[in-house]
Each structure stands twice: as structure tokens, then as C-alpha cells.
Amino acid sequence: MTQHSISRIAVIILGVIMILFGIYHFMRPDNLIVFVPDFLPGKKLLVYIVGLAFILTGFAFIAHKFVQAAGYVLAALLVIFVLSIHVPNYIGAADADMKTMAFVNILKDTALAAFAMYIGSEARNLD
């Protein structure tokens, strides 16, 4: 298996996961509304918009169309989540378990953002 094939498989796997997570935003929006910061209006609409962004990003990765834009959009969304949701949750955690969960989410979404930036930067080489 070539390096190119492995790269395409990794991007496709991320695409499938983004689609599934995007669908989850539409199936169970109330489970995700709690993560939307209180200062933002239209929480349910925002959950749907993020879900749609995840679905579109996933399809872009799988179809290998608009991969650069999709990678950078996904990275930006994840950085926004880290800064507006996970870091405040970490700082304001009431107990050790909540602090641990917030820290894990900071690491996870930062890693996914880095991978998405890499995909965006290497989009032309994934042909």
C-alpha cells in the first residue's frame, strides 16, 4: 500500500466520522445544546449549522472536492470549540472528573484541528 493510499484512507475515515457526527447533531440536538456558550443566541440553530458544516466537510473529504477549504473550515470550527467551550469548561470545572473531560476535549479537538489543517495544506497532493 502506498503512502498516497494511506493518506486517502485517513481522509476518508475522517470524512465518514464527520458525517456521522453531523447527523448526530440533527438527531440529538438537545444533547449538544448544553455545549453552546450562554452568550450565543439561537442555540438549536447553531447546533444544526455546525452539524451541516460537519456533514459538508465529510462529503468534501470523501469526494475529494473542495478539500482545502473543508480542511481549513473544520480546523477553524474546532479551534473555536476549544477556545469557547473546552477551555472555559476546564477553567470552571466544579470537580476533577469534569476538569479531566474538558482537558481531554481540548487535546482531542486540537489534534483534530491540526489534522484538518494538514489535510487542507496537502489537498493538492492527495489527488
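**Loop between H3 and H4**

I began with His64, which lies in the loop between H3 and H4, in what I note at the outset is a predicted model. I looked up its backbone angles and found that His64 has a positive phi of about 60°, although His64 is not a glycine. Phe66 lies in the loop between H3 and H4 as well, and for Phe66 I again read a positive phi of about 60° at a residue that is not a glycine. I wrote down both values because most residues other than glycine have a negative phi. I then checked the accessibility of Phe66, which comes to 72% in relative terms, so that Phe66 counts as exposed, the cut-off for that class being over 50%.

**Segment after H5**

Next I turned to Ala123, which is found in the segment after H5. Is Ala123 buried or exposed? With a relative accessibility of 10%, Ala123 counts as buried, because the class takes in residues under 20%. I asked which residues Ala123 touches once those up to four places away in sequence are not counted, and I found His64, Val67 and Gln68. I also took the C-alpha to C-alpha distance from Ala123 to Phe66, which is 8.5 Å in space, while 57 residues separate the two in sequence.

**Aromatic pairs**

I went on to the rings, for which the count comes to five aromatic pairs. One of them is formed by Phe21 and Tyr24, whose rings are stacked, with 6.5 Å centre to centre and 10° between the planes. The two residues are three apart in helix H1, which means that about one helical turn separates Phe21 from Tyr24. I looked up the accessibility of each: Phe21, at 36% relative accessibility, counts as partly exposed, and Tyr24, at 32%, counts as partly exposed too.

I then examined Phe54 and Phe81, whose ring centres are 6.2 Å apart and whose planes stand at 90°, so the pair is edge-to-face. This pair links distant parts of the chain, with Phe54 in helix H3 and Phe81 in helix H4, 27 residues apart. Phe54 is buried, with a relative accessible area of 2%, and Phe81 is buried at 16%.

**Largest pocket**

I next looked up the largest pocket, which holds about 640 Å³ of space. Which residues lie nearest the centre of this pocket? Out of 27 lining residues, those nearest the centre are Phe21, His25, Phe54, Phe81 and Ile85.

H4 gives the largest share, with eight residues. Sorting the lining by class, I recorded 21 nonpolar residues, four polar residues and two charged residues.

Conventions. Residues numbered from 1 in each chain as written. Predicted model: local features only at pLDDT ≥ 70, side-chain atom pairs only at ≥ 80, totals over all residues. Heavy atoms only, no water. 1 Å grid on protein atoms, 1.4 Å probe; cavity = no way out; pocket = protein on both sides within 12 Å on 5 of 7 lines; lining within 4 Å. Points joined across faces, edges and corners; volume = space filled by probe spheres on them. Helix = DSSP H or I, 4+ residues; strand = E, 2+ residues; numbered from the N terminus. Nonpolar A, V, L, I, M, F, W, Y, C, P; charged D, E, K, R; others polar. Phe/Tyr/Trp six-rings, centres within 6.5 Å; stacked < 30°, edge-to-face > 60°. Buried < 20%, exposed > 50% of the residue type's maximum accessible area, 1.4 Å probe, protein only. Contact = heavy atoms within 4.5 Å.
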